[in-house]
Amino acid sequence: MPSTKYQYFSFFFLLLTSTPMLASAARCDKADKAALIAIKSELNNPPGLSSWTSNTSCCTWNGIDCNATTGRVTSLDIFAQNISASIPPSIAKLTALQSLNAPYNQFYGTIPPFLGLLPELTFLRLDGNLLTGSIPPTLTILNLLLAGNRLTGPLPSSFAKANFATVILYDNQLTGDASFLFGRDKSLNALYMENNKFSFNLTNVEIPKVMDILVIDHNEIYGSLPAEVAERKWLQFDVSYNQLCGPIPQARYTHHFGAKRFEHNKCLCGPPLAPCK
């Protein structure tokens, strides 16, 4: 089940995936209903989807939201249903889907590239599953949550030009460079990628102007902290357990989190750590 460490985001994501155009009583699109019936079968008919029956509107089913005007399925929520299966291929037929929320199950296998090709999808949450392999280059989705899986390899180069708002990748086995996620004018405001094996030089990265959450501890990141670190009003910040060196940029919000958010680096120094020599 989800850690209390990230309860801050529960309400945020609820707002993010809610829209006034959704309605549970809308008339269901026939093709979307057929796709959902197929998805239920591909998931081995789990008890949590017992309301998904052919004689009722799919817009009234548990975990489904529809557009009030078109009846198209816009949100699919399969939260903590104890499902053990691969990602259902019939999800590809839900071409109006905006949000796929399927954390804390036992989904296994690789992440199918078709998820990133759904034209309206802006929220993908698959954390807390058993997914393996690399992240497909198509997954340039605005809000991407893949934490707590068994994902490996480097991030796709396509992520360099992606328009992310939230990226959550902690507790995987990802490697290599992630510096291209940063950029002063990028829209990335929250980045969690702790407990991986990322290795890159942080010295010259440009912290996005909108970023207020940066949690990158327990990696192999080296170099020094950019000066922009001192300019942000951080909600969460942690660079501990890396290979960083040099003086910590000084500001109220870098001191706010205390020494533990900077400790266990190669040679970081200055408040809240020991003075630089």
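**Backbone and disulfide notes**

Q: Where does Tyr104 lie?
A: Tyr104 sits in the loop between β4 (99-101) and β5 (108-110). Helices (H or I, at least four residues) and strands (E, at least two) are DSSP runs, numbered from the N terminus.

Q: Is Tyr104 buried or exposed?
A: Tyr104 counts as buried because its relative accessibility is 16%. Buried means under 20% relative accessible area, exposed over 50%, and partly exposed in between (1.4 Å probe, protein chains only).

Q: And what about the phi of His218?
A: His218 has a positive phi of about 60 degrees and is not a glycine. His218 is in the loop between β14 (213-215) and β15 (222-223), and at 33% relative accessibility it counts as partly exposed.

Q: Which peptide bond is cis?
A: The one from Pro271 to Pro272, with omega near 10 degrees. Pro272 is in the segment after β18 (267-269).

Q: New topic. How many disulfides?
A: Four, taking a disulfide as a pair of cysteine sulfur atoms within 2.5 Å. With bonded cysteines counted along the chain, the pattern is 1-2, 3-4, 5-6, 7-8.

Q: What does the link of Cys28 and Cys58 look like?
A: It is right-handed, with 90 degrees about the S-S bond. Cys28 lies in the loop between β1 (22-23) and α2 (30-42) and Cys58 in the loop between α2 and β2 (64-67), so the pair ties together parts 30 residues apart in sequence. Cys58 is buried at 0% relative accessible area.

Q: And the link of Cys245 and Cys267?
A: That link is left-handed, with -85 degrees about the S-S bond. Cys245 is in strand β17 (residues 243-247) and Cys267 in strand β18, so parts 22 residues apart in sequence are tied together. The sulfur atoms of Cys245 and Cys267 are 1.3 Å apart in the model.

Q: What is the mean pLDDT?
A: The mean is 91, and 91% of the residues reach 70 or more. Over residues 6-12 pLDDT is below 50, and this stretch has 11 contacts (heavy atoms within 4.5 Å) beyond near neighbours in sequence. Where pLDDT is low, the predicted coordinates should not be read in detail.

Note on methods. Residues numbered from 1 in each chain as written. Predicted model: local features only at pLDDT ≥ 70, side-chain atom pairs only at ≥ 80, totals over all residues. Heavy atoms only, no water. pLDDT = per-residue confidence, 0-100.
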